[in-house]
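Some labels attached to a structure rest on cut-offs. Here is a chain to check them against.

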Amino acid sequence: MSAYASSPLTLALLLAGSLITWAAPAARAAVSLPAVFTDNMVLQRGMKIPVWGWSAPGEGVTVTLNGRRATATADASGRWETRLPSMAAGGPYEMTVTGTNGSGSGAQNVNVRNVLIGEVWVASGQSNMQFSLHDANFSANAVAAADLPNLRLFTVPDTVAGEPQSDVKASWQVSDPKTAEWFSAVAFFFGQKLHADLNVPIGLIHTSWGGTPAEAWTPWAAMEKDPMLQPILARWEGQVKAYPAQREAYDKALADWNTKAAQSKADGQPEPDKPNPPEDPRQSSWRPAGLYNAMIAPLVPYGVRGAIWYQGESNAGRAVQYQDLFATMIRQWRAAWGQGDFPFLFVQLANWQPGGDSWAELREAQTKTLALPNTGMAMAVDIGDTTDIHPKNKREVGRRLALVAEATVYGLKQPYSGPMFRSMTVEGNRIHLAFDHADGGLKSRDGGPLKGFTVATEGGPFVPATARVEGETVVVWSDAVAHPAAARYAWGSDPEVSLFNGEDLPASPFRTDTWRALTQDER
């Protein structure tokens, strides 16, 4: 028997949750399109363009755009899908979708106006992606400069679902000071730079939710098959099972409170603290797959160039697990879109609050994700805020993501990454560290001594080290360590950061050892 079948109250809660998250799309007779196909949209250039929607079962549908034409027939559920031929950047155009009702009622048209062909990117993650242009540094100037007719913005509302959904409530907007002000700052600055440098229309689909973990953005079935990720699902199922008793206890506490509050009022005494209701785990933004179902699945298979991602803070306590989880999420998004290994670019966690090593291990997990094809990482460990988990310099984050995209996706010949540790050799009491992406040479950011390096003997504690640039390497040592076995750099939540390349891009934090991680057993 279901865990919810213990009382009329819990049965009612289950029914309500089912209606909210698992409702099937309403039957449609007239031709209709999902919200991602609205006026002002940008369609991806250089590939066949997926278009889909709903109509009467068996109805024929024709889509026309820019002199191109594609047809489809609605299936038994009323859904149809087709693909327009590949097109070059351009516009504006009008897309017409025509359905000929099988009952003989004649043609029905849906017209989508002011359509551009260009580059489309999905922007997702948690609060540092959700962080608005309004709240970023120099926001007044950025907002005032947002009048960009060929930059288009689409924001998916925060929603949770128990099963993959077919649509969202949103629409495309032309970028201007009003529409851009509350859009994702990172996504806006990323798109603004691409728009200026590539000289093509840019479409940004923003779908993020603050404070959320990666498992909320990952399909359930993929986690269910992975022993490393199964504990996430088991933990959530335990929360679901416990919820009815928690709700029952809350209802009793609330009734007691009402009685005491009334008595306090009658006695002229302060009202006692009111109990807080428990959160229904089915409606939680931490629900495994809940945000994938509601905020990613409805976008598939809209043609995109790739995705940018800023997330990880909520998974820092399970950094080793994140290595598997993040890679799984990326692979599942790519499989769902069916476009092959589309580019997936992400931000390495910024610096914040001195503390333990879990954030360093999360950054390491992000770095290891670069082993997946067509991935790229923008470092932010030098532009965070010690006292604020939401640093305001989002312009530089967006710029660095755009550098990665321009170099790795669009073929612009330019440096795009800070130094990345490649290898080490030991000579006496000194470790020589070699790096990739040392464009323009290695240097100290302020011209002074390098900081943030530590060394250790095998299994020993790490101690602060002296470091200096020698050609294309960094040499580190400590007089207290005669036989060094490992070195680390910027290893901590809010580390000292000093190593940069000639392009003023910061080195990624790293460790040369593979010793046991602090979060090794956290699932």
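The questions below concern a predicted model and the labels given to some of its parts.

Q: Why is Ala56 called buried?
A: Buried means under 20% relative accessible area. Ala56 has 16% relative accessibility, so it counts as buried.

Q: Where does Ala56 lie?
A: Ala56 is in the loop between β2 (49-54) and β3 (60-65). Its C-alpha is separated by 45 Å from that of Glu248, 192 residues apart along the chain.

Q: What makes both faces of strand β21 covered?
A: In a regular strand the side chains alternate between the two faces of the sheet. In β21 (residues 486-489), Ala486 and Arg488 on one side are buried, and so are Ala487 and Tyr489 on the other.

Q: Why is the span of helix α11 called close to the expected one?
A: The expected span is 1.5 Å times one less than the number of residues. For the 15 residues of α11 (394-408) this gives 21 Å, and the helix reaches 21 Å from its first C-alpha to its last.

Q: What makes α11 mostly covered?
A: In α11, 12 of the 15 residues are buried, among them Lys394, Arg400 and Glu406.

Conventions
Residues are numbered from 1 along each chain as its sequence is written. This is a predicted model: local features need pLDDT of at least 70, side-chain atom pairs count only at pLDDT 80 or more; totals for chains, interfaces and linings use all residues. Side-chain values use heavy atoms; hydrogens and water are left out. Helices (H or I, at least four residues) and strands (E, at least two) are DSSP runs, numbered from the N terminus. Buried means under 20% relative accessible area, exposed over 50%, partly exposed in between (1.4 Å probe, protein chains only).
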